[in-house]
Amino acid sequence: MTHTILNVQHLSKTVPSTEGELSILSNVSFQLKAGESLAIIGRSGSGKSTLLGLLAGLDLPSSGSVTLAGHQLNTLDEDQRAAVRAAHVGFVFQAFLLLDSLNALENVMLPLELADHPNPQQRARELLIRVGLEKRLKHPVNLLSGGEQQRVALARAFATEPDVLFADEPTGNLDSQTGETITDLLFAMNQELGTTLVLVTHDDQLAARCQHSIRLDAGCQMEFTCN
């Protein structure tokens with residue numbers, strides 16, 4: 001029986017402003033089982049990125065809780081949350097966030113080396129071949145195209161076989177054809193590794209491929225649906 005990997009209960013976030021407390025996110029609740037996929041959708045400023053940060057333990061809620069892989073994040077300090085992320089989480093960002101001083105292979109090797117993988121170079125090579133970059137292993141990443149850089153980012157994110165992968169607009173900087181290729185890779189690797197996907201996206205086609213979607217409006221959860 002598939003276990004719950006992400007349990008979100010009554011999650012809210014407020015921040016101080018000149019006019020008092022400003023509500024960024026209000027009373028969001030849902031659960032995801034291991035291997036499932038979720039799209040977080042809504043207009044700009046609706047609280048999508050705030051929610052993603054709370055789910056990953058990059059920020060703490062004002063109230064409510066996030067339990068990720070059995071760890072209730074709001075009861076942990078910053079170092080403990082970082083340890084949970086290192087053990088269970090991968091990230092893909094719109095801006096790629098690769099290290100320009102390293103080549104493609106070295107970028108993917110880095111999280112493996114930090115995790116004391118027994119053969120980081122072999123594992124990184126296998127992943128880059130899996131995403132179609134077998135001829136780009138030693139290329140500096142700043143000389144790669146946007147689509148190639150996002151493939152490196154995908155390989156890096158899946159390198160440690162995370163339980164959950166958080167992706168913030170993973171196709172936002174790509175043309176539609178390249179974005180579709182990256183989306184296909186994302187879901188193929190999701191299936192192969194059983195990784196739970198949580199995606200912030202404006203792309204309706206990408207959202208439709210997820211098993212679930214949550215729509216936010218001004219920080220409020222409007223719906224949680226099964227696609």
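Residues are here termed buried when their relative accessible area is under 20%, exposed when it is over 50%, and partly exposed in between, with a 1.4 Å probe and protein chains only. The model is predicted, and for this reason local features need a pLDDT of at least 70 and side-chain atom pairs count only at pLDDT 80 or more, whereas totals for chains, interfaces and linings use all residues. Residues are numbered from 1 along each chain as its sequence is written, and side-chain values use heavy atoms, with hydrogens and water left out.

By the above criterion, His117 counts as partly exposed because its relative accessibility is 29%. His117 is located in the loop between helix 3 and helix 4, where helices (H or I, at least four residues) and strands (E, at least two) are DSSP runs numbered from the N terminus. When residues up to four places away in sequence are not counted, His117 touches Leu112 and Arg123, contact being defined as heavy atoms within 4.5 Å. The C-alpha atom of His117 is separated by 8.4 Å from that of Thr160, a residue 43 positions apart from it along the chain.

The chain as a whole comprises seven helices and ten strands, and its C-alpha trace spans about 55 × 45 × 35 Å along the principal axes. The radius of gyration of the chain, 18 Å, agrees with the value near 17 Å that a compact globule of 227 residues would have; the radius is taken over C-alpha atoms, and the globule rule is 2.2 Å times the number of residues to the power 0.38. Of the 227 residues, 46% count as buried, and among contacts between residues at least 6 apart in sequence, 67% join residues at least 24 apart.

A nonpolar core is a set of buried Ala, Val, Leu, Ile, Met, Phe, Trp, Tyr and Cys residues joined through side-chain atoms within 4.5 Å. The largest such core has 38 residues, with Val108, Leu128, Val152, Leu165 and Leu199 making the most contacts inside it. At least two residues of this core are supplied by each of strand 3 (37–41), helix 3 (104–114), helix 4 (120–130), helix 5 (146–158), strand 7 (164–168), helix 6 (176–193), strand 8 (196–200) and helix 7 (204–209), and helix 5 gives the most, with six residues. Another core, of 27 residues, lies apart from it and includes Leu38, Ala56, Val89 and Val164.

Pockets were identified on a 1 Å grid over the protein atoms alone, a pocket being an open set of points where a 1.4 Å probe fits, with protein on both sides within 12 Å along at least five of seven lines, and lining residues having an atom within 4 Å of a point. The largest pocket holds about 460 Å³ of space, the volume being that filled by probe spheres set on the points, which are joined across faces, edges and corners. Among the 14 residues that line the largest pocket, Val89, Gly90, Phe91, Pro111 and Leu114 lie nearest its centre, and strand 6 contributes the largest share of the lining, four residues.

The second largest pocket, with about 230 Å³ of space, is lined by 13 residues, of which Ser176, Gly179, Glu180, Asp203 and Gln205 lie nearest its centre. Helix 6 gives the most to this lining, with four residues.
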